[in-house]
Amino acid sequence: DPTRSEDWFGLAILYHTSNDYEGAREIWEFLVEVSPIDTVAYDNLGKLYHFSLRDFPKAEEYFKRSISINPNLLTPYRELFELYRYSYKTETSAALDILGQAIAKFPRDAGLYILRGEYYRDRGDIVKAREAYNKALDLARETNDVATIDAVGEELLRLPQE
């Protein structure tokens, strides 16, 4: 049914899975045109440009558009953080800036503090890493999230002692 967006999304996934990135791109761009407030297509285009087509400015553009359409969804913030951290603008404050925006928007999400802890750990800032991990641990304890408590506890144990 050409009017069902779920069918188009399914077809785009099939194209992407078979490494037909142009086919997937065309469908997701079509969906952006016919439903400009559906952020899933923007997120998928961002991921496609980040991981498959390796066009980082385009990936950034689509993630930012997704955030501007619906700033209450966590996924594009995380994806944009990953783009900046590992692939694009890596020697800038862009990754920390977008992570800060995400934390301001979703202050009770322990996963964001874990990302912050990993970021600082990888840069050798053990004090800030420990601080971020401890915040994640506090949030996980509040919700009795045992898996996160265990994972963060292990991360804290791996950090060098001051």
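Helices here are DSSP runs of H or I with at least four residues, numbered from the N terminus. The model is predicted.

View 1. Glu 155 sits in helix α9, which covers residues 146–158. Its relative accessible area is 16%. Buried means under 20%, so Glu 155 is buried. Neighbours within four places in sequence are set aside here. Beyond them, Glu 155 is in contact with Arg 121 and Tyr 133.

**View 2. Tyr 42 and Tyr 62, one of eight aromatic pairs in the structure.** The ring centres of Tyr 42 and Tyr 62 are 6.3 Å apart. Their planes meet at 45 degrees, so this pair is tilted. The pair links distant parts of the chain, 20 residues apart. Tyr 42 belongs to helix α3 (residues 39–52). Tyr 62 belongs to helix α4 (residues 56–69). Tyr 42 has 4% relative accessibility and counts as buried. Tyr 62 has 6% and also counts as buried.

**View 3. Tyr 84 and Tyr 88, a stacked pair.** The centres of these two rings, Tyr 84 and Tyr 88, lie 6.5 Å apart. Their planes are at 25 degrees, so the pair is stacked. Both Tyr 84 and Tyr 88 are buried.

**View 4. An aromatic cluster of Tyr 42, Tyr 49 and Tyr 62.**

**View 5. Charges over the rings of Tyr 119 and Tyr 113.** Arg 123 lies over the face of Tyr 119. Arg 123 is 3.9 Å from that ring centre. Lys 135 lies over the face of Tyr 113, at 5.8 Å from the ring centre.

Technical notes: Residues numbered from 1 in each chain as written. Predicted model: local features only at pLDDT ≥ 70, side-chain atom pairs only at ≥ 80, totals over all residues. Heavy atoms only, no water. Helix = DSSP H or I, 4+ residues; strand = E, 2+ residues; numbered from the N terminus. Buried < 20%, exposed > 50% of the residue type's maximum accessible area, 1.4 Å probe, protein only. Contact = heavy atoms within 4.5 Å. Phe/Tyr/Trp six-rings, centres within 6.5 Å; stacked < 30°, edge-to-face > 60°. Lys NZ or Arg CZ within 6 Å of the ring centre and 35° of its normal.
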